[in-house]
Amino acid sequence: ALGLLYPIGRSLVVLEPRPADAVADFHTAFNLILALLFLPALGPYARLLARLLPPRASAPDPGEPQYLDRTALDMPAVALANAAREALRMADLLDSMLQSALDDLHAKDRGRVATTRRMDDSIDRLNRAVRDYLAAIDVDLLDARSHRRLSEILVFTTNLEHAGDIVERSLTSLAIKRIKRGIRLAAPALVTLAEMTEHLHVSLRLATAIFMTGDESSMRRLEDEAAALRDIDADAAARHFGRLRGGGGDESGSLQLDVMRDLLQINRHLSAAVQPVLLTDAETEHWTETDHPAGPG
């Protein structure tokens with residue numbers, strides 16, 4: 001166009017004597033010619049860009065339900081199995097959240113704490129989805145066994161959600177407090193907290209096994225894990241108060257005890273999550289009437 005600008009200008013002035021109209025005609029013709037030349041090349045050019053710049057693979061949203069098939073609501077056995085599978089995903093998220101919270105206790109970046117808190121958002125969303133799904137099941141289709149399983153799922157997911165809340169509201173707040181105040185937990189304290197967290201991981205796996213199979217031996221092991229956690233907590237508390245009496249206590253010791261208190265509370269929720277699984281039918285009926293009279297809603 002630049003090379004032919006002079007003859008084009010002379011031709012346009014002949015055709016359109018008014019300069020303003022000649023300029024407008026030139027730009028209109030120029031754009032039309034560009035479109036005719038380049039529109040056919042857009043397809044090959046797009047394919048070239050797709051090869052050079054492949055789309056990023058977006059990670060699946062962990063808080064998005066994967067198994068809550070609405071078409072299965074008229075088949076209670078299938079619907080309850082779907083809800084149980086989603087409950088297992090909640091357990092996996094809580095397991096990751098516990099490890100992330102432990103890492104927050106010796107990290108310097110608040111961004112890590114924000115990541116841990118987002119995990120709780122995913123657990124909350126899954127819990128709401130499971131509750132809504134169970135509430136949509138026609139109770140007239142449920143036999144006694146299905147009613148019991150529905151209660152077991154509700155108790156399991158509710159307690160997991162409460163455990164996640166403790167991590168999100170308390171443990172992460174303690175991590176931020178540590179960062180703000182520049183508190184450094186001593187190596188023995190970190191070892192103790194890591195040991196307690198490992199016990200929690202084991203307790204969560206045992207609770208999941210009990211929820212799925214009703215294994216009584218796993219329940220006994222879960223009680224042993226709870227006892228081990230209490231022993232660790234009592235020993236750490238005794239050492240801390242011993243240092244206080246000797247004038248050697250510091251803020252890091254108090255922070256450690258606060259974290260251990262939360263870990264014990266989480267473990268209590270894990271134990272409570274599977275209590276209905278091993279109850280007798282009579283005990284289940286009494287438990288439902290006294291503790292959960294409103295049912296799944």
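**Aromatic pairs and helix packing**

Phe-156 is buried in the predicted model, with a relative accessible area of 0%. Phe-211 is likewise buried, at a relative accessible area of 1%. A search of the whole structure returns 2 aromatic pairs. In one of them, Phe-26 and Phe-30 are stacked, with 6.0 Å from centre to centre and 20 degrees between the planes. These two residues stand 4 positions apart in helix α2 (residues 19-38), and are therefore separated by about one helical turn. Phe-26 is partly exposed, with a relative accessible area of 21%, and Phe-30 is also partly exposed, at 34%. The rings of Phe-156 and Phe-211 have centres 4.1 Å apart and planes at 10 degrees, and so this pair is stacked. Because Phe-156 belongs to helix α6 (residues 144-181) and Phe-211 to helix α7, the pair ties together parts that lie 55 residues apart in sequence.

Helix α7 (residues 187-213) comprises 27 residues. From its first C-alpha to its last, α7 reaches 39 Å, close to the 39 Å expected at 1.5 Å a residue. Just after α7, Gly-214 adopts a positive phi of about 70 degrees.

Helix packing was examined for α4 (residues 76-104) and α5 (residues 110-135), whose axes are 9 Å apart and meet at an angle of about 165 degrees. Angles over 145 degrees count as roughly antiparallel, and α4 and α5 are therefore roughly antiparallel to each other. The contact of α4 with α5 has 15 nonpolar, 6 polar and 6 charged residues. The crossing of these two helices, α4 and α5, is left-handed.

Note on methods:
Residues are numbered from 1 along each chain as its sequence is written. This is a predicted model: local features need pLDDT of at least 70, side-chain atom pairs count only at pLDDT 80 or more; totals for chains, interfaces and linings use all residues. Side-chain values use heavy atoms; hydrogens and water are left out. Axes are lines fitted to C-alpha atoms, for helices over the stretch in contact, and angles run from 0 to 180 degrees between N-to-C directions. Angles under 35 degrees count as roughly parallel, over 145 as roughly antiparallel, 65 to 115 as roughly perpendicular and the rest as oblique. A crossing is left-handed if the near helix is turned anticlockwise from the far one by less than a right angle, and right-handed if clockwise. Ala, Val, Leu, Ile, Met, Phe, Trp, Tyr, Cys and Pro count as nonpolar, Asp, Glu, Lys and Arg as charged, and the others, Gly among them, as polar. The expected span of a helix is 1.5 Å times one less than its number of residues. Rings of Phe, Tyr and Trp (its six-membered ring) pair if their centres lie within 6.5 Å; planes under 30 degrees apart count as stacked, over 60 as edge-to-face and the rest as tilted. Buried means under 20% relative accessible area, exposed over 50%, partly exposed in between (1.4 Å probe, protein chains only).
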